[in-house]
Amino acid sequence: MGLLLFAGIPAGVLTWFSVRPVAPPEPVRVNIESGRSFASVAVELERAGVVADARALRILARIKRADRGIQAGVYSFSRPLSPVEVLDMLRAGRVELVHITIPEGLRVEEVAVRCSAAGLGTVEKYNDLLSDADFIAATGLDVADLEGYLFPETYHFAPGSEEKTVLRTMVEQMQANLTPELLEAAHARELTRHELVTLASIIQMEAGNEAEMPRIAAVFHNRLQRNMRLQSDPTVIYAIEDFDGNLTREHLRRHHSYNTYTIYGLPPGPIACPGKAALHA
């Protein structure tokens, strides 16, 4: 009560203020940076039309012990909310999220472009991290680059999420889908985890749809067991810079580590990011 009298706001007025919904004049977004004072946040919320009185909001937050518990992030306000509801929203961290869908079969560079276009970092930073040995090791992988290890799915990130956060989340999702049962089945076919992801990426790029994947996988498994060349066009295309859509006989004859028309077995790594169906096929 002393706090209310000191502030010059009667208890009844504060109670009325705390439950009275306020609608902003138009949908607004408020960015709350980490470490920002609650007083400045309250002022911005008043200016944006989210609350009617910044001073009353500060007092209410102190009473509810919410002034030090708000979460950083970008918040969207479009419907009427009472100050109590606004505080609950800030304490719960119900921030605006960036939704991004990564379809099956993209190369990691294409994933980087999509993430950057959604406002999540820069292509340059992504491309640096994709082959950064220290960063890759920190994710728990023992590979030269992240090709094939960014799991295709719809993700939800807080605005401004760093490139490391985005990539780490996608790698963790791939690792979650490489279940012990799946790895055991791969081992029974004499495939390591990396070989499993590599073969799945080829199946992903060869198949027109998921229904075709088991049949294509069976063909490739048979060729591997018989020490035959896989003869997969997508592996050849993967190594062609600025491929124009025209795969020629010269391309098929040109020897390199990804040309499964000239090498035996699997190429050194994945050629795209495979989805769940391809991994299981």
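1. Helix axes here are lines fitted to C-alpha atoms over the stretch in contact, with angles running from 0 to 180 degrees between N-to-C directions; helices are DSSP runs (H or I, at least four residues) numbered from the N terminus. The model is predicted: local features need pLDDT of at least 70 and side-chain atom pairs count only at pLDDT 80 or more, while totals for chains, interfaces and linings use all residues. Residues are numbered from 1 along each chain as its sequence is written, and side-chain values use heavy atoms, without hydrogens and water.

2. Helix 7 (residues 123-130) packs on helix 9 (residues 163-177) at about 50°, the axes being 10 Å apart. The contact (heavy atoms within 4.5 Å) joins Lys-125, Tyr-126, Leu-129 and Leu-130 of helix 7 to Glu-163, Lys-164, Val-166 and Leu-167 of helix 9.

3. Helix 4 (residues 54-63) and helix 5 (residues 83-92) pack at about 60°, with axes 11 Å apart. Leu-57, Leu-60 and Ala-61 of helix 4 meet Pro-83, Val-84 and Leu-87 of helix 5.

4. A nonpolar core is a set of buried (under 20% relative accessible area, 1.4 Å probe, protein chains only) Ala, Val, Leu, Ile, Met, Phe, Trp, Tyr and Cys residues joined through side-chain atoms within 4.5 Å. The largest has 50 residues, of which Leu-146, Leu-150 and Met-170 touch the most other members. Helix 11 (residues 193-206) gives the most to this core, six residues. Apart from this core lies another, of 28 residues, including Val-50, Leu-60, Tyr-75 and Leu-87.

5. Not counting residues up to four places away in sequence, Leu-146 touches Val-108, Leu-129, Leu-130, Phe-135, Ile-136, Leu-141 and Val-171.

Methods. Helices (H or I, at least four residues) and strands (E, at least two) are DSSP runs, numbered from the N terminus.
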